[in-house]
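Subject: Structure for your review

Dear colleague,

Please find below the structure that I am handing over to you. I would be grateful if you could read the notes after it with the model open.

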Amino acid sequence: MYLLVILAPLLGALSSGLFGRKLGEKGAGVFTSACLLLVLSWSTLIFYETTINCSATFLKLWRWLDSDLLTTFIGFQFDHITATMLIVVAAVSSFVHIFSTAYMAGDPHLPRFMSYLSLFTFFMLLLVSSDNYPQLFIGWEGVGLCSYLLINFWITRIEANKAAIKAMLVNRVGDIGLVLAMFAVWGAYGSLDFSTVFVATEGTSTGHTATLIGLLLFIGAVGKSAQLGLHTWLPDAMEGPTPVSALIHAATMVTAGVFLLIRSAPLLEQTPLSLMIVTVVGSLTAFFAATIGLVQNDLKKVIAYSTCSQLGYMVVACGISNYSISLFHLMNHAFFKALLFLSAGSVIHAVADEQDMRRMGGLISSTPFTFTMVAIGSLALMGTPFLAGFYSKDLILELTYDQHYLAFAHWLILFSALLTAFYSIRLLYCTFIASSKSKKDVFVNAHEGSWNLTLPLVFLAIGSIFVGYLTKECIWSYEATLPAIVPLFIKLLPVLFSFFGALSSLIIFHLALSDYQLITRGGYQAAYTFLQSAWQFNYIINNFLVKIIWATGHIITYRATDKGSLEIIGPRGLSGSAIELTRRLSNLQSGKIFNYALIILIGVGAYIIGTVGTVYL
Amino acid sequence: MYYNFSLVSLFLLLLGLMGIILNRGHLIIMLMSIELILLAASFLFLINSIASDILVGQFFTILILTVAAAESAIGLGILVAYYRIKGTIAVKSLNWLRG
């Protein structure tokens, strides 16, 4: 059962990918979804066994990398962290599979799509269940690859191609960090197995090595989890179909970076410096992404920046050493973010593939079900009491307040909680409640999807409501988390802030102070443009980094080195000089007899002088 | 005593070589220069034969004369054949085969 959890999605992917033509559109959808539902049920059993019954399972299969200095097995480790991740991945993935059969219906390449989705799930499961770093890296690269394939699913769109390449390349930057971290771990401990390395860290690690390992691991997490600096790929990845955004860029792939931090907790615990940097970057990401989310007009981009922001919360939780809380937030976030994305898909489906919020509105009357789902997801995201987000997000806020010199992170993410509420309600209001700005036929024809479009939403909504309450203690159980001793006022503050944000959003948008009328005013316009263009990160990176590297590549590497000096020394220069030499030599043979006679005479003379000279000297 | 004679033969040899090298005129001059070289060689053989009192040099002289005669005959034959095709025997025009 444990191995089948890993292999079932691979089976689905292979059969749908290789025999999709035989299975047909419907068959591919049903088969892959059935595989994923099996995985979900087994994952639930594994969660019961490993987390509730506290019995972790280890499977060692065969030797993989085998040399004198390094032995790595193909092995699986099912413990608390893996079990939680399994639930998250399997649940979100299976609902996304079912959702895709409706959302992507009519697409001529549906079997390919389902195959990629299942392959992604396989790699993600491999990532979370491996018991050593190299095998984790297989999954790590595999999800990157599947992300590329899925963003680029509509291969004829140039924007999709560019976004996919960007996702792949920006992820590679982080992957280099992970590879270097693996080298550093191997250099320090001589092994890459989690069990060996984590036991070895206790007391043996020296300061600098530990800091180096921690920072390199964090670079890996920054790339995958879209933290500040390497986050630019995540909003662009919205070019893929909506279920892809839900699966990859909300619930699973981006959480791989956080998972790496959680898994490497014993390594990170050795270095206070790394933890401080983790906290700083995480809180900045949370704040920065939340401000950008305020003004995005693309339905999916709002949710994408919200994902980025929530990942910042998880990273902050890791940075203050509350890894279990980070995992808990990861789980809750996966449920409500997948719900939000799939509901966004439902909205987009209802309004004939329109993604711009400025051309929506008034959908509450035609699609009340979707409205309910978005409302549940948004409320859970805002941390409304007794929904999923409340249990984890507020806990992170309280625990951050408790940190002495890192308490500034508390204020940053507290303010971003306000902003989160603001843009969630803005999304809700502009899409559903405000008067409609869509075309008449689109508005009239807006409708709910078929059962397999709506059913996943129901399950995810149930998850968003209950999962935080139900699992709130069994998930932290693996790491003792003491409740923070903070004043009651601080405990109430997040909820108050959220309600304040939500209320101000409602008031601003309801009293016709819509941002479109204010755009023309000076200071507001500057701020709006600044936020709309995502703090100009793309501009800065493109102009000051990519362009320079590109120009360097063209001028120095290509023109000066490859086609320049190497060409002159190498092929062209060498052959040219040989040809020139032989041309001059053959010019000696002029065809004129007296020249030949002179040459012969010189030659004989030289011979005589040579022989006589050697005799007499 | 024979020093002057050998100097003469050396001078003749150089004269023949110069005749070949500096010759821009007819092929016949070239042939004549070759004859001159051979004669200079024969002369040197003879002088050395007398100087060292060994008869071999004179054998060789007779041989060289024979060879020179044959060579002149063949050379002139080639020259005539060449003249029939080309219509001229200028050395300058003899440059068909270039490298």
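The model is predicted: local features need pLDDT of at least 70 and side-chain atom pairs count only at pLDDT 80 or more, while totals for chains, interfaces and linings use all residues. Residues are numbered from 1 along each chain as its sequence is written, chains are lettered from A and ligands numbered from 1 in the order in which they are written, and side-chain values use heavy atoms, with hydrogens and water left out.

The largest pocket holds about 590 Å³ of space. A pocket here is an open set of points on a 1 Å grid over the protein atoms alone, where a 1.4 Å probe fits and protein lies on both sides within 12 Å along at least five of seven lines; lining residues have an atom within 4 Å of a point. Its lining has 17 residues, of which A:Lys166, A:Val170, A:Ile541, A:Asn542 and A:Val546 are the closest to the centre. Helix 6 (158-189) and helix 24 (537-569) of chain A are the elements that give two or more residues to this lining (helices are DSSP runs of H or I, at least four residues, numbered from the N terminus). Helix 24 of chain A supplies the largest share, eight residues.

The second largest pocket holds about 370 Å³. Its lining has 22 residues, and the closest to the centre are A:Tyr103, A:Trp154, A:Ile348, A:Asp353 and A:Gln355. At least two lining residues come from each of helix 14 (299-319) and helix 15 (323-350) of chain A.

Aromatic pairs

There are 20 aromatic pairs over all chains; rings of Phe, Tyr and Trp (its six-membered ring) pair if their centres lie within 6.5 Å, and planes under 30 degrees apart count as stacked, over 60 as edge-to-face and the rest as tilted. A:Phe95 and A:Phe459 are stacked, at 5.4 Å centre to centre and 5° between the planes. Because A:Phe95 lies in helix 3 (residues 80-103) and A:Phe459 in helix 20 (residues 451-470) of chain A, this pair ties together parts that are 364 residues apart in sequence. A:Phe95 is buried, at 9% relative accessibility, whereas A:Phe459 is partly exposed, at 41% (buried means under 20% relative accessible area, exposed over 50%, partly exposed in between, with a 1.4 Å probe and protein chains only).

Ring pairs also link A:Phe287, A:Phe288, A:Phe415, A:Phe530, A:Trp535 and A:Phe537 into a cluster.

Yours sincerely

Note on methods
Points joined across faces, edges and corners; volume = space filled by probe spheres on them.
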